[in-house]
Amino acid sequence: FSAGADGKILIWRKKKHKIHRCIESAHGGPVTCMASSVKYIVSGGDDAIVNVWIPKGKKVVDYSTRQAGSLYKEFRGHQAEITGVAITKDQKYIISSSLDRTVRIFLIINLSLVRKLQHDDAVTSMALSRDEKWVATGTSTGKAYVWNRDTGAQIACFDAHEGKVSKVAM
């Protein structure tokens, strides 16, 4: 998969080195982040929307007409650009981060908000730990945090960077 500033999500055929499917206009502007699982593609955009896609068929899918029914869910809870998305291995939860100073954890089945992790600054990056118990976040002011995914408790804060945290990993 690849996503770009042109607003497209491309699904590639690696054996043939060709585009297999294309989701045109996946967001109202650039696609800023993406994650995938066996069932879903999750994308975030500078339009503050998190979209959940089900790849289907070989057709070119257009967001505005929702061709082929591939747009499964749309989450509009954020107020600014989405900076990160993750999906749990059991495909029950999506975690999204945004420049609106929040990380949101929601159920994929009905997109109900389970938890909101509030920050003092814009969240510039986010990662889920391998065991999915922890969420790491980075902010525009150089702070990195670790949160308990299930309780929303802040476990640690590291204030070590000058300028924004560009990427976190666990």
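These entries cover the loop first, then the pocket.

I worked on a predicted model, where local features need pLDDT of at least 70, side-chain atom pairs count only at pLDDT 80 or more, and totals for chains, interfaces and linings use all residues. Residues are numbered from 1 along each chain as its sequence is written, and side-chain values use heavy atoms, with hydrogens and water left out.

**Asp 121.** I found Asp 121 in the loop between strand 12 (113–118) and strand 13 (123–128); strands are DSSP runs of E, at least two residues, numbered from the N terminus. Asp 121 is buried but has no salt bridge. Buried means under 20% relative accessible area with a 1.4 Å probe, protein chains only. A salt bridge needs a side-chain nitrogen of Lys or Arg within 4 Å of a carboxyl oxygen of Asp or Glu. The nearest side chain of opposite charge is Lys 143, 4.7 Å away. I did find a polar contact from the Asp 121 side chain to that of Thr 141, at 2.7 Å. Such a contact is a pair of N or O atoms within 3.5 Å; within protein, one must be able to donate a hydrogen and the other to accept it, and residues adjacent in sequence count only if both atoms are side-chain atoms.

**His 119.** His 119 sits in the loop between strand 12 and strand 13. I list His 119 as buried because its relative accessibility is 4%. Its side chain makes a polar contact of 2.9 Å with the side chain of Thr 137.

**Pocket.** I noted strand 9 (82–87) and strand 13 as each supplying at least two residues of the largest pocket's lining.

Methods: Helix = DSSP H or I, 4+ residues; strand = E, 2+ residues; numbered from the N terminus. Buried < 20%, exposed > 50% of the residue type's maximum accessible area, 1.4 Å probe, protein only. Lys, Arg positive; Asp, Glu negative; His and termini not counted.
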